[in-house]
Amino acid sequence: MGTAIEVRDLVVERGRREVLHGITCTIPSGSVTGLLGPSGSGKTTLIRAVVGVQIVKSGEVTVLGRPAGSAPLRSQVGYVTQAPSVYADLSVRENARYFAALLGLGAAEADRAIADVGLADARGQLVGNLSGGQRSRASLACAMIGEPKLLVLDEPTVGQDPVLRADLWARFHELADAGTTLLVSSHVMDEAGRCDRLLLIREGRLIGDDTPAAIRTAAGTDDLEEAFLRLIREREQVTA
Amino acid sequence: MSLGITFATAGRVLRQLRHDRRTVALLIVVPALLLALLYFMYDGAGGTFDRIALVMLGVFPFVIMFLVTSIAMLRERTTGTLERLLTTPLGKIDLLFGYGLAFGLAAAVQGTVATGAAYWLLGLQTSGNAGLVVLIAVVNAVLGVALGLFCSAFARTEFQAVQFLPVVVVPQLLLCGLFVPREQMAGWLEGISNALPLTYAVEALVQVGRSAEATTTMWRDLAIVAGAAVVALVLAAATLRRRTP
Ligand SMILES: Nc1ncnc2c1ncn2[C@@H]1O[C@H](COP(=O)(O)OP(=O)(O)OP(=O)(O)O)[C@@H](O)[C@H]1O
Ligand SMILES: [Mg+2]
């Protein structure tokens, strides 16, 4: 298995405050990696650095062998922002077709992505009239068009019911089995168990980077939430 | 730059517009209504009405497209779609030209309706061809679009964006020669007026009013306005940053 993303000593300042303090990690290709951490810990910032829209202070981010954000990557990386970024005054299908057209693809690919997120019945509806959960799935559909090699999803399952969440995670694993790399942020711990690997981030530092099983073992508990808390406490004792 | 992406973007902008029926109606009807108001103010057709209505046919699309575009682009920034678009193969120029194309087309429809109303309903008379008036109106609209795209980079909120109207548009309107002939202005004012693109648009329209044939001055003026629009688009491209703090 190759490496899809390599982050080295990444330091990011936002609003004159350092919010990522030297993050180093590698993400293997063809896997689902969960990025977990409390609100404000820097998940979105790290994700923005990976897709190449974040100004970074120092460090390197390499994606699929190239510097993050470089031109050849733009057709190979699908990005879902935390707040759904689709046009509210267009229908689901018009949105998907536009994002397909940006990749030189047609209506068939757009419709497939819509069906994949379970929005086939709502495809003629204006995005502005969708429910919150539907809207974020519309945003997700637009990123899945054209089978990108890397999918970077910032909290894609927020506001989805348990059945849909299970469906989406099943779809993520299907994609990973077919070779796609997924980086998915979440702060719902029950989703952590569904990932192949976990990156635990807190206050801009990585405090865990392993498989869920290994993290459970290391922390000596089966509950990932509890494991996360123990890792935090351990850290605090070390620094204290 | 990719033509396919530019056209897809223009199509998307037009589709957004189409879903907003009220905006379309306002876009098309308001200039004609304002011209009718002018008509009644000047008590029917005549020299003064002809002079002012002709200039207004060029000014309306400029002002309206400036406003519409700066708000549209600001929305693109605040809703996160811009951030996302810039992670796709779309080039900055594709986006900006897409906007220029879409609103240029909208302006062509608007200009045709307003010009048609002015000539047929309100009895506007010019020595030159009405088609040239529509052409100048469209180029002016594209200038408005380009300046709107550029200015939206300096606005964080809708409130700020609309404030650029008095800053960017009103001085051009005051100094374009409509209120005071440019030759009678103080030298420094005339100098400023020479540097403002709307001045040339108005001069071009005045030429159409006076001469039966299209004059070289008119074509030169039109080229200046088009050039200014391209410069503003390039400047707008420079304000689009893929990486943000
Ligand atoms: N535009 C900004 N300007 C200044 N500071 C920012 C900006 N965006 C985020 N921050 C700060 O950067 C830190 C990390 O934010 P980030 O959005 O990466 O957190 P997050 O882990 O994604 O949180 P959440 O789970 O709530 O989405 C926070 O302290 C936040 O206040
Ligand atoms: Mg976030």
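Helices and strands are DSSP runs numbered from the N terminus, a helix being H or I over at least four residues. On that basis, G177(B) falls in the loop that joins helix 7 (158-175) to helix 8 (187-195) of chain B. The structure is a predicted model.

**Ligand 1: shell composition**

- The shell around ligand 1 holds 15 residues, of which S39(A), G40(A), K43(A), T44(A) and T45(A) come nearest.
- By class, this shell comprises nine polar, four charged and two nonpolar residues.
- Two elements of chain A, strand 2 (17-28) and helix 1 (43-51), each contribute at least two residues to the shell.
- Helix 1 of chain A provides the largest share, with three residues.

- T45(A) places a polar side-chain atom 2.6 Å from an oxygen atom of ligand 1.
- For Q82(A), an N or O atom of the side chain is 2.8 Å from an oxygen atom of the ligand.
- E155(A) has a polar side-chain atom at 3.3 Å from an oxygen atom of ligand 1.
- Taken on its own, ligand 1 has 640 Å² of accessible area, and the protein covers 67% of that area.

**Aromatic pairs**

- Over all chains, the search of the whole structure identifies seven aromatic pairs.
- The pair W169(A) and F172(A) is edge-to-face because its ring planes stand at 70°, and the class requires an angle over 60 degrees; the ring centres are 5.4 Å apart.
- Both W169(A) and F172(A) belong to helix 5 (residues 162-177) of chain A, where they are three residues apart, about one turn of the helix.
- W169(A) counts as buried because its relative accessibility is 1%, and the limit for burial is under 20%.
- F172(A) is likewise buried, at a relative accessible area of 0%.

- Y87(A), Y98(A) and F99(A) together make up one aromatic cluster.

**Loop position in chain B**

- G177(B) counts as partly exposed because its relative accessibility is 23%, which lies between the limits of 20% and 50%.
- V202(B) is 25 residues from G177(B) along the chain, and the C-alpha atoms of the two residues are separated by 7.8 Å.

Key
Residues numbered from 1 in each chain as written. Chains lettered and ligands numbered in written order. Predicted model: local features only at pLDDT ≥ 70, side-chain atom pairs only at ≥ 80, totals over all residues. Heavy atoms only, no water. Phe/Tyr/Trp six-rings, centres within 6.5 Å; stacked < 30°, edge-to-face > 60°. Buried < 20%, exposed > 50% of the residue type's maximum accessible area, 1.4 Å probe, protein only. Near = heavy atom within 4 Å. Polar contact = N/O pair within 3.5 Å; in protein donor to acceptor, adjacent residues only side chain to side chain. Areas by Shrake-Rupley, 256 points an atom, 1.4 Å probe, with all protein chains shown as cover. Nonpolar A, V, L, I, M, F, W, Y, C, P; charged D, E, K, R; others polar.
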